[in-house]
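Take a look at the model first, then try each task before you read its solution.

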Amino acid sequence: GYSSILSGHEGQDACLYANGKCIVKRSLSNPYDCETIFMHQLAVGVAKYSPCGNWIASGDAGGCVKVFASAAPEPGLDRAVKNDLPVIGGQVKDLAGAP
């Protein structure tokens with residue numbers, strides 16, 4: 001098995017983690033405030049905030065990395081996808097961002 005990677009950002013009141021094909025964004029101040037984000041066709045291995053906190057990067061079992069807005073424009077609407085990149089031929093297990 002693999003360990004679960006939790007990601008947070010000092011400007012966001014939330015943490016991110018992968019669960020199957022979705023990304024879970026859970027509030028730190030109210031754990032019952034939770035959002036599931038479906039962006040991938042395959043199992044998600046990692047999801048992390050960008051250094052500025054405005055974007056989320058996630059990688060899946062097929063080697064695809066997606067970068068999308070951390071905040072939805074309105075409840076129920078899709079987030080803006082900045083990049084959708086086939087990076088490697090295997091599972092993405094971790095990501096890192098640079099300012």
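**Exercise 1.** Is K48 buried, partly exposed or exposed?

*Solution.* Start with the ground rules. This is a predicted model, in which local features need pLDDT of at least 70 and side-chain atom pairs count only at pLDDT 80 or more, while totals for chains, interfaces and linings use all residues. Residues are numbered from 1 along each chain as its sequence is written, and side-chain values use heavy atoms, leaving out hydrogens and water. Next, the scale: buried means under 20% relative accessible area, exposed over 50%, and partly exposed in between (1.4 Å probe, protein chains only). With a relative accessible area of 23%, K48 is partly exposed.

**Exercise 2.** Which residue forms a salt bridge with K48?

*Solution.* First, the rule: a salt bridge is a side-chain nitrogen of Lys or Arg within 4 Å of a carboxyl oxygen of Asp or Glu. The partner of K48 is D94, with the closest N and O atoms 2.8 Å apart. Now place the two ends. K48 sits in strand β5 and D94 in the segment after β8 (81-86), so the pair links distant parts of the chain, 46 residues apart; strands here are DSSP runs (E, at least two residues), numbered from the N terminus. D94 is partly exposed too, at 45%.

**Exercise 3.** How many salt bridges does this rule give?

*Solution.* The count is two.

**Exercise 4.** Which residues make up the largest nonpolar core?

*Solution.* Such a core is a set of buried Ala, Val, Leu, Ile, Met, Phe, Trp, Tyr and Cys residues joined through side-chain atoms within 4.5 Å. The ten residues are A14, L16, I23, I37, M39, V44, A47, Y49, I56 and F68. Then sort by element: β2 (14-19) and β5 (44-49) each give two or more, and β5 has the largest share, with three.

**Exercise 5.** What is the strand order in the open sheet of four strands?

*Solution.* The order is β1-β2-β3-β4, with antiparallel pairing; two strands pair if DSSP finds at least two bridges between them. Finally, look at β3 (residues 22-27), which pairs with β4 over five bridges.
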